[in-house]
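My entries follow the structure.

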Amino acid sequence: MENAVKDWRGRSYRPGPVPADRRSMFRLALAAMAAIGPLQYGYAALHAREAAGLTLLAVWIACQAAGALPALHLVRRRRLSVRAALTAGAALSGLGLAAAALAGPGFGLVALVGYAVLGGLGAGLVYGVCGEVVSSWYPERPAARVGLITGAFGYGAVPLLVWTGLAPGAAEAAFLVAALLATAVIGAAARRLRLPEPLWWPDDLDPRTHALDAARLRTAPEAVKQFGLAQAVRTRTLPALALMLTCAGAVSLLDVIVVASTGAWGALALLVALNGAGRAVAMRASELYGRRRVLAAVFGALALGQVLLAVAVQNATAVAAQNATAVGVQNAIAVGVQSATVQGAAGDLLLWLGAAAAGLGGGAFYPLLASLVRELFGTERATEIHAVVYSAKAVAGALAVALALAALTAPGTALLAAAALAVLPALATPRLRIPGLPATIPL
């Protein structure tokens, strides 16, 4: 292979010049990811309070999770260009947002086909292709860079949530504006984004020195070999990662629905903003302390958020019952109002604390799991292997809908069940093994 070099594990590299527009490609990918954020978090917050809206959201999540893998397969093999994939993603994402505006929360043909199916497939195209482009142009720190752009997918919905929180009757207009922006921004990214040559590596950094960096290897050890997709599927580790994403993904989506149902738009905006921003913080922490430790802490924060939200919801229910009892009882009015005020303030504080903890834990596990895929299975097929893990989000969507339906009548119980779901991957994360190592080697 011309100009190729190999590191101590036999991985090949082709050093080449860094293009002048590498940074602008990263920014365009980040903007494109932010543009599709309203499709998930915006719709979940505004339309997923009834069975019809929840069903549509579950279908959207299934299509978004399933749409990324085929697109990545074609793009990586150069059978589908980045421009064509993102142009289709721009059209479908814009159509999905417009359908969400026109159809509302009702379960109609426009909502099902336009928002749930086509909008989901468009978001999957954008999510998968942007991640592939950024990881290919930043092979020296792919996990950190991909974590930044997936964070934009989280906090990209914040402007829409703030708009509709200030003007509740303007939800349709907000979605239409988001549709126009998504089409324009993703279309601009389609014209500029491209993939480097296979095995490209920036020539200003020696790949052999990078591969031997002891500090990096202590927190991010290399895979035993470069696994193929079929080989990775046959390991026990890949199903474990998929199960972790299923549990945490369901809990993360449930939190958006539950906090939105309280009407506290400030807490909801905080939850969604931290869902995105926490990814960058977690990735930086994982480079210092190790992926597994930080991932376990992230799952722990997610579980803590469920407990705090459950107490806040129960407190709100108690305040409402006390107010109802106090009405009409002349001598108890002053005492009832004073007690309700104190309990209400405590409930608001718990709601905000719960939203903060759930936000920090509810998004950071996505890039952490993606980086673990690279460490456990190698970098050459990491994107496709991660797409298989990410497809478990379809199951997470269905599980989140089941929990949300339960939360309509028993929110406290549903949130405690969600806490248990978040604890399971927190306990399992430290026991993840690198595939291919003998069982006698310590974790």
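I call a residue buried when its relative accessible area is under 20%, exposed when over 50% and partly exposed in between, with a 1.4 Å probe and protein chains only. This is a predicted model, in which local features need pLDDT of at least 70, side-chain atom pairs count only at pLDDT 80 or more, and totals for chains, interfaces and linings use all residues. Residues are numbered from 1 along each chain as its sequence is written, and side-chain values use heavy atoms, without hydrogens and water.

Entry on helix 17. I looked up its buried residues and found Gly412, Ala414, Leu415, Ala418, Ala419, Leu421, Ala422, Pro425 and Ala426. Helices here are DSSP runs of H or I with at least four residues, numbered from the N terminus.

Entry on helix 2 and helix 15. Helix 2 (residues 51-76) packs against helix 15 (residues 382-390) at about 165 degrees, with the axes 9 Å apart. Helix 2 is therefore roughly antiparallel to helix 15 (the term covers angles over 145 degrees). I list the contacts, meaning heavy atoms within 4.5 Å: Gln64, Ala65, Leu69, Leu72, His73 and Arg76 of helix 2 meet Thr383, Glu384, Ala387, Val388 and Tyr390 of helix 15.

Entry on helix 2 and helix 16. The angle between helix 2 and helix 16 (residues 393-407) is about 165 degrees, and their axes lie 7 Å apart. That makes helix 2 roughly antiparallel to helix 16. From helix 2, I noted Ala51, Leu54, Ala58, Ile61, Ala62, Gln64 and Ala65 in this contact; from helix 16, Lys393, Ala394, Gly397, Val401, Ala404 and Leu405.

Technical notes
Axes are lines fitted to C-alpha atoms, for helices over the stretch in contact, and angles run from 0 to 180 degrees between N-to-C directions. Helices (H or I, at least four residues) and strands (E, at least two) are DSSP runs, numbered from the N terminus. Angles under 35 degrees count as roughly parallel, over 145 as roughly antiparallel, 65 to 115 as roughly perpendicular and the rest as oblique.
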